[in-house]
Amino acid sequence: MTTKQILVTGATGKTGSIVYQKLKQNQNFEVKGFARDPEKVTELFGSTTGFYFGDIKDKSTLESAIKGCQGLVILTSSFPKMVAPPKPGERPQFEYDADSTPELVDYQGQKNQIDAASAAGIEHIVLVGSMGGTNENHPLNMMGNGKILIWKRKAEEYLVNSGINYTIIRAGGLLDQPGGSRKLLVGDNDELLNNPPDGIATSIPRADVAETVIQALQERSAINKGFDLISYPEEDSQGAVTQDFAALFAQTTAAKF
Ligand code: NAP
């Protein structure tokens, strides 16, 4: 079997770094990372070998990284900062830096990645997004008035219309907990968020999202699919931990908007 070369953007992020490590350990793949900060990369991975540096807002910095790859994993995201510690009884206020708004990072920055991938002849893009995007008034959209989930969905739509094979994983609330010990659940357009089975929390460990990305790169049943992803709590997953990802992806459909 020939190895596939995969570029992971957002490889210094909490989920992106797990995906990068998993691909590095998988003999089916050769992995490259894309990041902004060499110091952060060295801190996380011990060296900058295999990394390309740039900013997704500048498409030209993506071109050399993506050249020669067959797959792209998009794990970049904007994130708001707290304006100031909240006064007792008040909700914290958030804002985005003017050069890092969701429109610039989650829409334009992802569009740049998709365009660069298209120009480089990439075969498959796996994009990790977020549940909640069907609700304009979702609290995450209100944060810093950034409409982050709306911009993420616009980028997803751009990916679908690009004609490149895609897998869009809209994750539930991300947990920093071990992976591989839960039953995973897929859904469509926030149905799980609005009506979770058994009233479970609509969350999932980052490690399980990362494993789903790796599996999506290998399973034909993940091609041209867009789905929400959450997990049952570990204690309720006994005997039903997800292992057959082909079967999981077979339950999903093309992304709908
Ligand atoms: P994260 O830790 O916030 O990582 C974001 C990554 O994007 C970092 O590597 C960051 O680089 C990079 N990045 C940001 N702006 C960039 C730019 N202009 N150029 C290049 N790189 C840039 O991500 P996460 O918390 O693991 O989340 C992964 C995905 O899941 C995101 O799309 C997120 O929205 C989504 N999600 C999150 C939650 C949640 O509960 N947090 C729930 C559902 C879905 P630096 O390291 O240099 O900053």
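Modeller: In this predicted model, a side-chain N or O atom of Arg-206 lies 2.7 Å from an oxygen atom of the ligand. The protein buries 86% of the 930 Å² that the ligand exposes when taken alone. Ser-77 takes part through its backbone instead: one of its polar backbone atoms is 3.2 Å from an oxygen atom of the ligand.

These contacts belong to a wider shell. The ligand has 24 residues around it, and those that come nearest are Thr-12, Thr-15, Arg-36, Lys-40 and Arg-206. Sorted by class, the shell comprises ten polar, seven charged and seven nonpolar residues. As to secondary structure, strand E7, residues 124–130, and strand E9, residues 173–175, each contribute at least two residues to this shell. E7 gives the largest share, with three residues.

Lys-40, one of the nearest residues, falls within helix H2, which spans residues 38–45. At the start of H2, a side-chain oxygen of Asp-37 reaches to within 2.9 Å of the backbone nitrogen of Glu-39. After H2 comes Gly-46, which has a positive phi, near 90°.

A separate feature concerns the aromatic rings. The count of aromatic pairs comes to seven. One of them joins Phe-245 and Phe-249 in a tilted arrangement, with the ring centres 6.2 Å apart and an angle of 50° between the planes. Both residues lie in helix H9, residues 245–250, and because they are four residues apart, about one helical turn separates Phe-245 from Phe-249. An α-helix has 3.6 residues a turn, so residues three or four places apart point the same way.

Note on methods. Residues are numbered from 1 along each chain as its sequence is written. This is a predicted model: local features need pLDDT of at least 70, side-chain atom pairs count only at pLDDT 80 or more; totals for chains, interfaces and linings use all residues. Side-chain values use heavy atoms; hydrogens and water are left out. A residue is near a molecule or strand if one of its heavy atoms lies within 4 Å of it. A polar contact is a pair of N or O atoms within 3.5 Å; within protein, one must be able to donate a hydrogen and the other to accept it, and residues adjacent in sequence count only if both atoms are side-chain atoms. Accessible areas come from the Shrake-Rupley method with a 1.4 Å probe; for residues, only the protein chains shown count as cover. Ala, Val, Leu, Ile, Met, Phe, Trp, Tyr, Cys and Pro count as nonpolar, Asp, Glu, Lys and Arg as charged, and the others, Gly among them, as polar. Rings of Phe, Tyr and Trp (its six-membered ring) pair if their centres lie within 6.5 Å; planes under 30 degrees apart count as stacked, over 60 as edge-to-face and the rest as tilted.
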